[in-house]
Amino acid sequence: MSRWKMLETWDRDLPGLTAAQLTERLELARVRERSSMQPPRNPKARRDWRLRREAVEGEMQARGLTF
(Lines give C-alpha, C1' and ligand atoms only; values in the text may rest on other atoms or scores of the structure.)
Protein backbone atom coordinates (compact mmCIF):
# COMPACT_ATOMS: atom_id res chain seq x y z
CA MET A 1 0.00 0.00 0.00
CA SER A 2 1.34 3.39 -0.88
CA ARG A 3 1.94 5.97 1.79
CA TRP A 4 -0.64 8.36 0.30
CA LYS A 5 -3.35 5.74 0.21
CA MET A 6 -2.65 4.93 3.85
CA LEU A 7 -3.07 8.60 4.78
CA GLU A 8 -6.33 8.92 2.85
CA THR A 9 -7.91 5.93 4.60
CA TRP A 10 -6.26 6.31 8.02
CA ASP A 11 -9.43 6.29 10.14
CA ARG A 12 -11.27 3.64 8.13
CA ASP A 13 -8.33 1.21 8.31
CA LEU A 14 -7.85 1.31 12.08
CA PRO A 15 -10.49 -1.30 13.08
CA GLY A 16 -9.00 -3.90 10.73
CA LEU A 17 -5.37 -3.50 11.79
CA THR A 18 -3.45 -5.83 14.08
CA ALA A 19 -1.98 -4.62 17.37
CA ALA A 20 1.49 -4.46 15.77
CA GLN A 21 0.19 -2.37 12.87
CA LEU A 22 -1.56 -0.01 15.29
CA THR A 23 1.69 0.39 17.20
CA GLU A 24 3.53 1.21 13.97
CA ARG A 25 0.94 3.80 13.01
CA LEU A 26 1.05 5.32 16.47
CA GLU A 27 4.81 5.69 16.24
CA LEU A 28 4.54 7.19 12.75
CA ALA A 29 1.98 9.73 13.93
CA ARG A 30 4.11 10.64 16.96
CA VAL A 31 7.24 11.14 14.85
CA ARG A 32 5.42 13.23 12.25
CA GLU A 33 3.68 15.30 14.93
CA ARG A 34 7.03 16.02 16.61
CA SER A 35 8.72 16.88 13.31
CA SER A 36 5.97 19.38 12.48
CA MET A 37 6.91 21.30 15.63
CA GLN A 38 10.50 21.80 14.47
CA PRO A 39 11.44 24.92 12.49
CA PRO A 40 9.88 25.70 10.12
CA ARG A 41 6.75 24.98 12.12
CA ASN A 42 3.67 23.71 10.41
CA PRO A 43 0.57 24.08 12.61
CA LYS A 44 -1.78 22.45 10.10
CA ALA A 45 0.40 19.35 9.83
CA ARG A 46 0.74 19.23 13.60
CA ARG A 47 -3.04 19.33 14.01
CA ASP A 48 -3.57 16.65 11.34
CA TRP A 49 -1.00 14.30 12.88
CA ARG A 50 -2.35 14.94 16.38
CA LEU A 51 -5.82 13.90 15.19
CA ARG A 52 -4.38 10.78 13.56
CA ARG A 53 -2.42 9.94 16.72
CA GLU A 54 -5.53 10.40 18.86
CA ALA A 55 -7.54 8.16 16.51
CA VAL A 56 -4.98 5.36 16.88
CA GLU A 57 -4.84 5.83 20.66
CA GLY A 58 -8.65 5.66 20.78
CA GLU A 59 -8.70 2.42 18.79
CA MET A 60 -6.00 0.92 21.00
CA GLN A 61 -7.88 1.97 24.13
CA ALA A 62 -11.10 0.44 22.78
CA ARG A 63 -9.25 -2.85 22.31
CA GLY A 64 -7.67 -2.68 25.75
CA LEU A 65 -4.13 -2.29 24.40
CA THR A 66 -1.53 -0.13 26.10
CA PHE A 67 0.27 2.65 24.29
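This is a predicted model: local features need pLDDT of at least 70, side-chain atom pairs count only at pLDDT 80 or more; totals for chains, interfaces and linings use all residues.
Helix α3 covers residues 19–35 and helix α4 covers residues 43–63. An angle over 145° counts as roughly antiparallel, so that is the label for α3 and α4. As for handedness, the two helices cross in a left-handed way.

Who does the touching? On the α3 side, the contact is made by Ala 19, Leu 22, Thr 23, Arg 25, Leu 26, Leu 28, Ala 29, Arg 30, Arg 32 and Glu 33. On the α4 side, it is made by Arg 46, Trp 49, Arg 50, Arg 52, Arg 53, Val 56, Glu 57, Glu 59, Met 60 and Arg 63. Sorted by class, the contact between the two helices comes to 11 charged residues, eight nonpolar ones and one polar one.

Arg 32 belongs to helix α3. Its relative accessibility is 31%, so Arg 32 counts as partly exposed. Along the chain, Arg 32 is 18 residues away from Arg 50, while in space their C-alpha atoms are 9.0 Å apart.

Glu 57 belongs to helix α4. Although glutamate is classed as charged, Glu 57 is buried, with a relative accessible area of 14%. Leaving aside residues up to four places away in sequence, Glu 57 touches Leu 26, Arg 30 and Phe 67. Leu 26 and Arg 30 are also among the α3 residues in the helix contact. Phe 67 comes 10 residues away from Glu 57 along the chain, and 7.0 Å separates their C-alpha atoms.

Now for the aromatic rings. A ring pair is described by how far apart the centres are and by the angle between the planes. The model has one aromatic pair by the rule used here. The partners are Trp 10 and Trp 49, with ring centres 5.8 Å apart and planes at 90°, so the pair is edge-to-face. Trp 10 lies in helix α2 (residues 10–13) and Trp 49 lies in helix α4, so the pair ties together parts of the chain that are 39 residues apart in sequence.

Are these two tryptophans buried or exposed? Trp 10 has a relative accessibility of 2% and counts as buried. Trp 49 counts as buried too, at 7%.

Terms used:
Residues are numbered from 1 along each chain as its sequence is written. Side-chain values use heavy atoms; hydrogens and water are left out. Axes are lines fitted to C-alpha atoms, for helices over the stretch in contact, and angles run from 0 to 180 degrees between N-to-C directions. Helices (H or I, at least four residues) and strands (E, at least two) are DSSP runs, numbered from the N terminus. Angles under 35 degrees count as roughly parallel, over 145 as roughly antiparallel, 65 to 115 as roughly perpendicular and the rest as oblique. A crossing is left-handed if the near helix is turned anticlockwise from the far one by less than a right angle, and right-handed if clockwise. Contact means heavy atoms within 4.5 Å. Buried means under 20% relative accessible area, exposed over 50%, partly exposed in between (1.4 Å probe, protein chains only). Rings of Phe, Tyr and Trp (its six-membered ring) pair if their centres lie within 6.5 Å; planes under 30 degrees apart count as stacked, over 60 as edge-to-face and the rest as tilted.
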